[in-house]
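Subject: Structure for you to look at

Hello,

Please find the structure below. My notes on the core and the helix packing follow it.

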Amino acid sequence: MRLVVTALLALTLGGCNQTMQSEGPEPVAAALPAAPASPPEGQGPRLASNGTVAALPAGDPGGAIYEPLVDMHRVNPDRYQRDLTACRQQAAPQLAAIRRATQQQQTGTAIAVAGTLASYIPVPGFRQAHVLASAASAVQSVGGATAESGAAAVEKASSDYALVVDSCLTHKRYKLLRP
């Protein structure tokens with residue numbers, strides 16, 4: 001019994017420790033791997049639909065999150081890639097917000113799972129069972145609210161990221177097919 005409670009407490013505290021943030025701005029392009037291929041013509045803008053942020057390349061941050069749909073008629077592809085990379089660098093704060101919100105969402109989910117697991121702990125009496133059920137319900141509620149808040153923040157930061165990239169490309173005189 002004590003072993004199960006200790007394991008549950010360790011799991012909960014481990015999930016809470018994931019929310020620690022470093023001081024100062026995050027170096028977005030520092031430790032990011034290679035870029036995904038550009039989508040074929042005819043595909044529209046893409047936002048990550050499952051709320052996760054994939055690993056992003058050093059020279060092209062945000063490529064896995066959003067790909068703008070630009071009219072490529074009479075456009076130099078090399079110049080467009082340089083401009084797109086510059087616009088994604090400009091949207092780096094929104095990318096950092098997406099990562100923080102995703103981490104918050106994952107932490108909330110871990111807390112909710114810990115509450116669910118706590119409800120299966122066997123206890124000797126009715127009073128202890130009632131207290132445990134109340135505590136497990138409270139932990140599930142807090143975890144669910146934290147995960148829901150993180151999901152909303154991911155959605156907001158993703159739309160802000162797309163807005164910054166689109167606006168930057170528009171200022172660079174590219175014609176967006178679907179702004």
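Nonpolar core

The largest nonpolar core has 17 residues, and those with the most contacts inside it are Ile-65, Tyr-66, Val-70, Tyr-80, Tyr-161, Val-165 and Leu-169. Such a core is a set of buried (under 20% relative accessible area, 1.4 Å probe, protein chains only) Ala, Val, Leu, Ile, Met, Phe, Trp, Tyr and Cys residues joined through side-chain atoms within 4.5 Å. Helix 2 (77-90), helix 3 and helix 4 each supply at least two residues of this core; helices here are DSSP runs (H or I, at least four residues), numbered from the N terminus. Helix 4 gives the largest share, 6 residues.

This is a predicted model: local features need pLDDT of at least 70 and side-chain atom pairs count only at pLDDT 80 or more, while totals for chains, interfaces and linings use all residues. Residues are numbered from 1 along each chain as its sequence is written, and side-chain values use heavy atoms, with hydrogens and water left out.

Helix packing

Helix 3 (residues 92-118) and helix 4 (residues 126-171) pack at an angle of about 160°, with their axes 7 Å apart; axes are lines fitted to C-alpha atoms over the stretch in contact, and angles run from 0 to 180 degrees between N-to-C directions. That makes helix 3 roughly antiparallel to helix 4 (an angle over 145 degrees).

The axes of helix 2 and helix 4 come within 9 Å and cross at roughly 135°.

Regards

Note on methods
Parallel < 35°, antiparallel > 145°, perpendicular 65-115°, else oblique. Buried < 20%, exposed > 50% of the residue type's maximum accessible area, 1.4 Å probe, protein only.
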